[in-house]
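Student: I have a new structure to read. Can you take me through its interfaces?

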Amino acid sequence: MYHINEISKLINGKIIGEDNLEFSKLSPFFEADPEDLTFAADESMLKNIAGTKAKAVIVPVMEEYPDGKAYIVLEQNPRNVLPILLNFFKPKMQKPEKQIEDSAKISENVLIGINSYIGHNVEIGENTVIHPNVTIMEGVKIGKNSIIYSNAVIREFCVLGENVILQPGAVIGADGFGFIKDKNGDNVKIEQIGNVILEDNVEIGANSCVDRGAIGSTVVKRGTKIDNLVHIAHNDIIGENCFIIAQTGISGSVEVGNNTVLAGQVGVAGHLKIGNNVVVAAKSGITNDIPDNSKMSGYPLRPHMEDLRVKMSMGKVPELIKRVKKLEKLLKNEEK
Amino acid sequence: MYHINEISKLINGKIIGEDNLEFSKLSPFFEADPEDLTFAADESMLKNIAGTKAKAVIVPVMEEYPDGKAYIVLEQNPRNVLPILLNFFKPKMQKPEKQIEDSAKISENVLIGINSYIGHNVEIGENTVIHPNVTIMEGVKIGKNSIIYSNAVIREFCVLGENVILQPGAVIGADGFGFIKDKNGDNVKIEQIGNVILEDNVEIGANSCVDRGAIGSTVVKRGTKIDNLVHIAHNDIIGENCFIIAQTGISGSVEVGNNTVLAGQVGVAGHLKIGNNVVVAAKSGITNDIPDNSKMSGYPLRPHMEDLRVKMSMGKVPELIKRVKKLEKLLKNEEK
Amino acid sequence: MYHINEISKLINGKIIGEDNLEFSKLSPFFEADPEDLTFAADESMLKNIAGTKAKAVIVPVMEEYPDGKAYIVLEQNPRNVLPILLNFFKPKMQKPEKQIEDSAKISENVLIGINSYIGHNVEIGENTVIHPNVTIMEGVKIGKNSIIYSNAVIREFCVLGENVILQPGAVIGADGFGFIKDKNGDNVKIEQIGNVILEDNVEIGANSCVDRGAIGSTVVKRGTKIDNLVHIAHNDIIGENCFIIAQTGISGSVEVGNNTVLAGQVGVAGHLKIGNNVVVAAKSGITNDIPDNSKMSGYPLRPHMEDLRVKMSMGKVPELIKRVKKLEKLLKNEEK
């Protein structure tokens, strides 16, 4: 547990309200539990302090401080102290001691493959199969009837449901890509202290990567199937029963609805909202939100039928240039 | 061995012809051996029953049933019962018992790396080097003089020829991406019971993935070299002496000829036929068959020189729009 | 050490100058040390023999042989004998004998994960953490305070600085993609005898691959951060404090300046020079050099604002074709 005084001091803040609070974790604004600390970094949060359940909020100087919360007030945007906060709240890990750590809880009829490492406090549900050379780090939970193929890695504190399948080499919970430039222009790492949640019946393809949340979780919801070599960045929320086809990459903090299909080699920019029942054709680039039930393609992305027309018409441009030149010449002659 | 009665009952079929047959495996229509069971799901098969060597064929109701085969007749398209069939025919695997299973046949002068797992009934040819932390699962065969680098995974029943090289992290034989929607809209896995065949002198790059066939084999033919992070989907047949450059993705059931080059980040849609001696430039999207000796690029794909002209002309479109507007204005004035 | 006579004989050369020399290694022309052998294969080298520090140079027949070097003269381009030379100079590796080889030098307070392999003569600096199931091959050097996550592979003779992080499944030092066609049209491997150097504070994402140099090194300079599933090919030199975002692929022998950002799914053709402080937007294709401070996007690549205009204008082409057709009709009528 971390005391509010300690944290306020760490980030040069001033406490307003109750100053004898303790927190077990730092959470994202809209996902925080009542015992958590959170931070409000932009308008959507600052104008809606009641929108978080957290009992304390790190904020910049505000005109007034709504009742019912404690505040750590900063002379700057809380985003600037995030690297310090994440480093402070980063869970401490225990050292590996033996191949299957004593504190691991392995249910009945679980198969642990040769040379697979099962970390401290890991929990594995019944009938789950762990193939050889898998690495499952501290605090991971895996439901029953799951299959983890060889050389998959599940990093600390990730949670997998029932009937989850990880194909070989899948990486769950690598650090999200979070860095800032310091005043010298050097890249400085922002610790990634969240985790990954894979719900029931999720399958992750060979050598695909689902990064852990910066804070909070990256989530893949029930029934979603992810193909090989796919990249899911920190804090993405992928809906239920989606298909994410091979080599697609989704930037951070994207929300994808249910029953949506992203075909192969699609790219998605950060912080977008893609609806339910959306189909996006292969190699498309998504840079805007997509409403439910859309069928889209291309880069820039367009309704699929329109994109086909545009793609076809592109082939006529060299000839079109000649035709326009001819028209210009004709008109010039007429004008004489 | 599975009896025809058992299978017919499983999928609610009616047997026509010889009803005392047994099969060891289910095979694709055009690749089946004479002792196999197969299924005919579309016109190209149904009108050409003689095109399969299988002694029994699962079919929908037909007008007549050509002689010389047994039939399991369904009231629906056999494709619908494929998930049931694949689950039924899925080979049962033995549990891992020790790092190098007793039944593995390791030839002379083979080097088995520290902590590498060698599964039941694996066969490894002489002078082959297995580096540390490799996983080779049940029934895999590897020819002589091959090199398997660390953290590569070869899943069950795949076959590698001589002088094959797997760079680190390559995954051979992960499940193909096969799912159907059930009546609730939930994604349901179709078991992938085929394998992968890598012929002699094939090299697979770091973290590249070659998925196993749904039924039948995914094949990479002799001398073909595959770069890093490439995705080869289920039932692809890649010809001899091809180069498949980094981050290219090939969808399922694609056939690529010999001596063909797919440059980096190319995408190939499913069920296509790409000829011999084809060159496709980087980042292209292939959505149609390509004849032999073509040099192609772009998305949509065009002959390379034409694509260059189209790409160049695109830069002139903003100006072209202005020029057309001007012409329209001129003509309007004249008309007055 | 290899004697000049032995090498000259191997490649059918004729020695001019000092013929009693020995070399420990073959190096690229501009990076050779004074005790090295090198080769000059194109004009930029042949006209600038003083540009290499190597004491001996393999050359084709020249008009004159500048003083101060020894020469092995060939009746053909030295590039043709490169496969023979690389095979000859390929370092011989020792066999793995135990999980942590006796010759490895592990500093104080280093954590070696369960089942990780530490090769012959590996050196690991203090406080570095090696997670379970990592493979570190012969002669690798890792600086202090680094973190190597599970299932990462570092192949022989690669060098990692301080504070380096490898996310799970990262592959450092796989063979570059180097092949030639023999006279039968078969693909023949060119051995890749260089290494990879990752300088201080470099981070490599999950399942990303940095290939070793063919000869000489692939280098990622200090502070550069590479995201997941990125491909860095042989002999690339990536500058300081760059961001290389997920699924980007960089072909061989590319030079990238400092503080440059390549966004997701970018592709870079071989042998290019990308400047300092460059930003290239996602999904772009780079086929030409880029000067410092450029902001670029698209494929073909254009200045970013121009590319946006072009991309927007493409959507108007179908309508533009109609408008031109109308104009043509109008003019035709007028001409009557």
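Tutor: We start where two chains meet. Across the interface of chain C and chain A, the rule finds three salt bridges. A salt bridge is a side-chain nitrogen of Lys or Arg within 4 Å of a carboxyl oxygen of Asp or Glu. Lys189(A) and Glu203(C) form a salt bridge, with the closest N and O atoms 3.0 Å apart.

Student: What kind of model is this, and how is it labelled?

Tutor: It is a predicted model: local features need pLDDT of at least 70, side-chain atom pairs count only at pLDDT 80 or more, and totals for chains, interfaces and linings use all residues. Residues are numbered from 1 along each chain as its sequence is written, chains are lettered from A and ligands numbered from 1 in the order in which they are written, and side-chain values use heavy atoms, with hydrogens and water left out.

Student: How many residue pairs are in polar contact across the interface of chain C and chain A?

Tutor: A polar contact is a pair of N or O atoms within 3.5 Å; within protein, one must be able to donate a hydrogen and the other to accept it, and residues adjacent in sequence count only if both atoms are side-chain atoms. Here the rule finds 28 residue pairs between chain C and chain A, both residues at pLDDT 80 or more. α5(C) gives the largest share of the side of chain C that touches chain A, eleven residues. Helices (H or I, at least four residues) and strands (E, at least two) are DSSP runs, numbered from the N terminus.

Student: How much area is buried between chain C and chain A?

Tutor: Buried area is the accessible area (1.4 Å probe) that two parts lose on being put together, summed over both. For chain C and chain A that is about 4,200 Å², with 61% from carbon and sulfur atoms. Ile114(C), Lys283(C) and Leu331(C) supply 12% of what chain C buries against chain A, more than any other three residues.

Student: How many residues of chain B and of chain C take part in their contact?

Tutor: Contact means heavy atoms within 4.5 Å. Chain B gives 49 residues and chain C gives 58. The count of salt bridges between chain B and chain C is three. In a salt bridge between these chains, Arg222(B) meets Asp186(C) at 3.2 Å, N to O.

Student: Now look inside one chain. Into which domains is chain A divided?

Tutor: Domain bounds come from an automatic or database domain assignment. Chain A has domain 1 (2-89) and domain 2 (105-306). Their centres, taken over C-alpha atoms, are 29 Å apart.

Student: What do domain 1 and domain 2 of chain A bury between them?

Tutor: About 700 Å², 78% of it on carbon and sulfur atoms. In domain 1 of chain A, Pro28(A), Pro83(A) and Leu86(A) lose the most area to domain 2, together 62% of what that side buries. Between these domains the rule finds zero salt bridges. Helix α3 (residues 82-89) of chain A gives the most to the domain 1 side, with four residues.
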